[in-house]
Amino acid sequence: MNDEERERVVDALAKGKRRPEEVLRAAAVEPDDHAELRAMADTSELLWLSQHQAPPLSEDPVAAMLGLVPDETCTLDPKAFARARKSAGLKPSGIASRLRQKGWATTDADVFHWETRPTAAAAVPPAVVQTLAQILGRTVGQITTAPNVEHAEANPIEALRSDPGFKGLVARWARLWHLSLPDASVALERRLAMTVHRGRTPDTAQMLESLDALVTATERSAQSAHEPR
Amino acid sequence: MVVEQPGGVEVGDSPAVSARALDADVPDLAALYALHKDAMYRVVYATLRSSGLVDLAEDAVSAAIVSIMQAGLPTNIVKWEAFLVTAAKRKALDLLKSAAVRHAGSSLEEHHGRASDGDVAEDVVEEVDLERRVRLLRESLHVLDERQRLVAVELIGAERPRAEIAAELGVTPGRVSQMKVQVLKLLCDEMTRREDRR
């Protein structure tokens, strides 16, 4: 068996379109070579998988939906955050520790920079802002800068805005985050905008289902955070 | 109960850690996704590759996250990575089933040698191990020289056409095939050495 034949067998094994036994039998591979070719195919698949992973956060619609992408409609206000932290009697290390308990890889220095560097505060994603508000016993609106609704005009998700289902979700989101209805609408649209920007326009029903799941999960999270401990 | 925190630290029952505190420490789904999204995507890619449906990977991951949001995060999870990977794999298998139904007469088991839901729990240990093996592979790449690494990453990993790689290296396509086999052998050997040392 020459190298080109070995390559063909390894490729066929790695891609898995046929059962390995069939591939080896069809290529009349000697039994002594089976283990080596299978190992090479496993390695080939690992190489392929090593080049296939999640898209970067800035291009990941799931990340956007979950609030992992910084959003100018939900920007941490350094001064308001510092005041809320001190008022809650927590040190930066205490905030960092509680964020780590919630799964966020946050250092004490990160928290310090959020209070002292506006660029660092602006990079805090909405999902972290939301958890910070829960830790501090504040609303999101109390620790963020006022959103700029002018950006709503640039959002391409026009059809969604007139849907009654969307309006209901906006109302729930506004109650949850203590936002005005226009601000809440912008915030929800931003969560979906990434999908459209990437040329994948899900239908309105799909977008509403995703948003409903997001709003419901956030409501559930907020409710559990406010339950007496 | 032992809860694996996303950072890999395990918190066990102890007088210092009350059950109430553990409940309060259920991580944020967004944080979990940020930490394990590559593992989720990888298992979905591995599941969909044989059917040529890798373009649907994002749909599978998205559907998994939406279903988790709808059901709420459970409080009794030991390994969050396994939980997320399982959810993603289930959705990938659902997509395969839908594709199989569209191509009337073909069965998922015939094509992929596995049933759908029933095997997921058994597969999950293997799928989580996939991340460890990908890390092992990346650590092993140092045994390759620059030209061999091009073959490994661009030809095998990114599936660039063999003719392009041959032109870039200034060799014949046949020589690229020889290099590919050589690269795979070198990596197999290095990974085995590293596994044996552990």
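Is B:S177 buried or exposed?

Quick housekeeping. What you see is a predicted model, where local features need pLDDT of at least 70 and side-chain atom pairs count only at pLDDT 80 or more, while totals for chains, interfaces and linings use all residues. Residues are numbered from 1 along each chain as its sequence is written, chains are lettered from A and ligands numbered from 1 in the order in which they are written, and side-chain values use heavy atoms, with hydrogens and water left out.

Okay, the serine. B:S177 is buried, because its relative accessibility is 0%. For us, buried is under 20% relative accessible area, exposed is over 50%, and partly exposed is in between, using a 1.4 Å probe and protein chains only. You'll find B:S177 in helix α9 of chain B, residues 173-197. Helices here are DSSP runs of H or I with at least four residues, strands are runs of E with at least two, and both are numbered from the N terminus.

So what does B:S177 touch? Leaving out residues up to four places away in sequence, the list is A:D3, A:E4, A:E7 and B:R162. Contact just means heavy atoms within 4.5 Å. With B:R162 there's also a side-chain to side-chain polar contact, at 2.2 Å. That term is for a pair of N or O atoms within 3.5 Å; within protein, one must be able to donate a hydrogen and the other to accept it, and residues adjacent in sequence count only if both atoms are side-chain atoms.

Now a neighbour to look at, B:K180. This lysine is buried too, since its relative accessible area is 6%. Its side chain meets A:E7 in a salt bridge, 3.4 Å from N to O. It also meets A:D11 in another, at 2.7 Å. A:D11 sits in helix α1 of chain A and B:K180 in helix α9 of chain B, so that pair joins two chains. By salt bridge I mean a side-chain nitrogen of Lys or Arg within 4 Å of a carboxyl oxygen of Asp or Glu.

Let me compare that with a pair inside chain B. B:R132 and B:E195 form a salt bridge, with the closest N and O atoms 3.2 Å apart. This one links distant parts of the chain: B:R132 is in helix α6 (residues 117-140), B:E195 is in helix α9, and they're 63 residues apart. Back at the other site, salt bridges that share partners join A:E7, A:D11, B:R162 and B:K180 into one network.

Let's zoom out. The whole structure has 19 salt bridges over all chains, and 4 are counted between chain A and chain B. Between those two chains there are also 15 residue pairs in polar contact, both at pLDDT 80 or more. On the chain A side, the elements giving two or more residues include α1 (3-15), α3 (31-50) and α14 (204-226). The largest share, 12 residues, comes from α3(A).

And the area? Chains A and B bury about 4,900 Å² between them, 61% of it on carbon and sulfur atoms. In chain A, the residues that lose the most area to chain B are A:L46, A:L47 and A:W48, together 15% of what that side buries. Buried area is the accessible area (1.4 Å probe) that two parts lose on being put together, summed over both. Overall, the contact takes 52 residues from chain A and 58 from chain B.
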